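Biologist: Before we discuss any assignment, I would like to see the model itself and then go through the terms used for it, one by one.

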Amino acid sequence: MTRTSEREIISTTQQKIANLASEAPERVLTTLAHHIDLMWLEEAYRRTRKDGAVGVDGVTAEAYEADLQANLSDLLERFKSGRYRAPPVRRVHIPKDGTKKTRPIGITTLEDKVLQRAVLRVLEPIYEQDFLDCSYGFRPGRSAHQALDALWQGLMDIGGGWVIDLDIQDFFGSMERQHLNAFLDQRVRDGVIRRVLGKWMHAGVMDEGVIRYPERGSPQGAVISPLASNLYLHEVLDTWFECEVKPRLRGRAFLVRFADDATLAFEREDDARRVLEVLPKRLARFGLTLHPEKTRLVDFRSPPRAGQEPRAQRERSFDLLGFSHYWGRSRKGHWVVQRKTAKTRFSRALRQIGDWCRRNRHRPVAEQQQVLSRKLRGHDAYYGITGNARALARFRHEVRRLWRKWLNRRSRATRLNWAAFARLAQRYPLPPARVVHSIYAT
């Protein structure tokens, strides 16, 4: 059987699962694990990243592939029989936004990633029938740019309104597992799958050689965690807002959520303040807490036609998904919601490029030019949206400045003034800024 036909069989099976879940939204599915066979695991392995850091067992993809069929067959047998033991997640700490603070991430074993991806491909078709349109994070066929577009359109429709810039404190570490299990019970009660899900949630975390077993939360970095977090917030926030909050409001309102980043927008101030008052109580029922400093209510109403002072407009802004949202004038002079790269993201991206230039300043200039070009294209691939051209151009200017700075420090004998650097840049040009996600594209 060819790889294409195997993928078609898996895709057909996923569609059958989706149809079953869609036809009966209240149905609880009790037989799902039989879909996961050796072919299913092989496809999960092909979709698993092979060059990532190793987990606690130290097994690399190269070592695992040395006897791939036997390893996957053994994994399948342990999964079906219940003998599979979920290994602890190896925790590492990476710098956070260039500060002394760090952000913990989890690194699972390769085998754990494969099995989690296999289980995910069974569960995803079910929950895609239940999840609402307001959530965009880590869902097939959905992206951050779609979330940004939905937010922009919603804000324009209600004239900006009042925005709750919501931030949940330590969300992944705060989810209460009894609630997550209750949410899972509403749809999935397959014993084999629920057993392995429970093992992953209780697998523990290895930090600096010490294994701890947190009573709450889902390990960050695990393949299954995004689905678990989406399910949790689907019940805690999305469904509550759509079914209980919106019918009681006096004006229009909408929610846009990407994983645990969410923005709630309201046409009326009184509606926004009422929801902001009850939000902490709602989240507290499920073990979650609003960040006291980052969560805020923003007066984001469209300015009057006569205009306002630019300073006042800049103060009435908020960030989501790496972009600052604010009111600005269009080319025709109308007030429109505009987006630009958030200051923290702009600074972080520059800091990363500056660090790279410093570490690699002795490489051949042509090689540096190739790497920097790839980094700039990657930057544009995310931040290259309509209205952000000025920030993209400024980013290019700062990258050129950093590149010249570290080329100047290759040796004391070689110094580049701006004229000499301009000649070098003509020979080794960096790509111009590009708006990749244009609203004018056909």
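Modeller: Two strands are said to pair if DSSP finds at least two bridges between them. This is a predicted model, and in it 7 bridges join strand 10 (residues 323-329) to strand 11.

Biologist: What makes strand 10 and strand 11 a pair, and in which direction do they run?

Modeller: The cut-off is at least two bridges, and 7 bridges join strand 10 to strand 11, which run antiparallel. As one example of residues that face each other, Ser 324 stands opposite Lys 340 in strand 11.

Biologist: What is the pairing in the open sheet of 4 strands, and why is one side of strand 2 and of strand 5 left without a neighbour?

Modeller: The order there is 2-1-4-5 and the pairing is mixed. Strand 2 (102-107) and strand 5 (210-212) stand at the edges and have a single partner strand each, so one side of each has no neighbour in the sheet. Here the twist averages 40° from one strand to the next.

Biologist: How many bridges join strand 1 to strand 4?

Modeller: Strand 1 (residues 89-95) and strand 4 (residues 205-207) run parallel and are joined by 2 bridges, and pairing asks for at least two, so the two strands count as paired. The bridge partner of Val 89 in strand 4 is Val 205.

Biologist: Let us turn to the helices. Why are helix 8 and helix 9 called roughly antiparallel?

Modeller: Helix 8 (residues 177-185) and helix 9 (residues 191-201) pack at an angle of about 160°, with their axes 12 Å apart. Angles over 145 degrees count as roughly antiparallel, and helix 8 and helix 9 are therefore roughly antiparallel to each other. The crossing in which helix 8 passes helix 9 is right-handed.

Biologist: Which residues meet where helix 8 packs against helix 9?

Modeller: From helix 8, Arg 177, Leu 180, Asn 181, Leu 184 and Asp 185 meet Arg 194, Leu 197 and Met 201 of helix 9. By class, the residues of this contact divide into 4 nonpolar, 1 polar and 3 charged.

Biologist: What makes helix 5 oblique to helix 9?

Modeller: Helix 5 (residues 110-127) and helix 9 pack at an angle of about 130°, with their axes 12 Å apart. Roughly perpendicular covers 65 to 115 degrees and roughly antiparallel begins over 145, so helix 5 is oblique to helix 9. Helix 5 passes helix 9 in a left-handed crossing. The contact is made by Asp 112, Leu 115, Gln 116, Val 119, Val 122 and Leu 123 of helix 5, together with Ile 193, Val 196, Leu 197 and Trp 200 of helix 9, and its residues comprise 8 nonpolar, 1 polar and 1 charged.

Biologist: Why is helix 1 called oblique to helix 5?

Modeller: The axes of helix 1 (residues 3-23) and helix 5 come within 7 Å and cross at roughly 40°. Angles under 35 degrees count as roughly parallel and 65 to 115 as roughly perpendicular, so helix 1 is oblique to helix 5. Helix 1 passes helix 5 in a right-handed crossing, and Ile 10, Gln 14, Ile 17, Ala 18 and Ala 21 in helix 1 meet Arg 121, Val 122, Pro 125 and Ile 126 in helix 5. The residues of that contact divide into 7 nonpolar, 1 polar and 1 charged.

Biologist: Finally, how do you know that the protein is as compact as a globular protein of its length?

Modeller: The protein has 16 helices and 11 strands. Its radius of gyration is 25 Å, close to the 22 Å that the globule rule gives for 442 residues, so the protein is as compact as a globular protein of that length. Along its principal axes, the C-alpha trace spans about 70 × 65 × 45 Å.

Methods
Residues numbered from 1 in each chain as written. Predicted model: local features only at pLDDT ≥ 70, side-chain atom pairs only at ≥ 80, totals over all residues. Heavy atoms only, no water. Axes fitted to C-alpha atoms, helices over the stretch in contact; angles between N-to-C directions. Left-handed = near helix turned anticlockwise from the far one by under 90°. Contact = heavy atoms within 4.5 Å. Nonpolar A, V, L, I, M, F, W, Y, C, P; charged D, E, K, R; others polar. Rg over C-alpha atoms; globule rule 2.2 N^0.38 Å.
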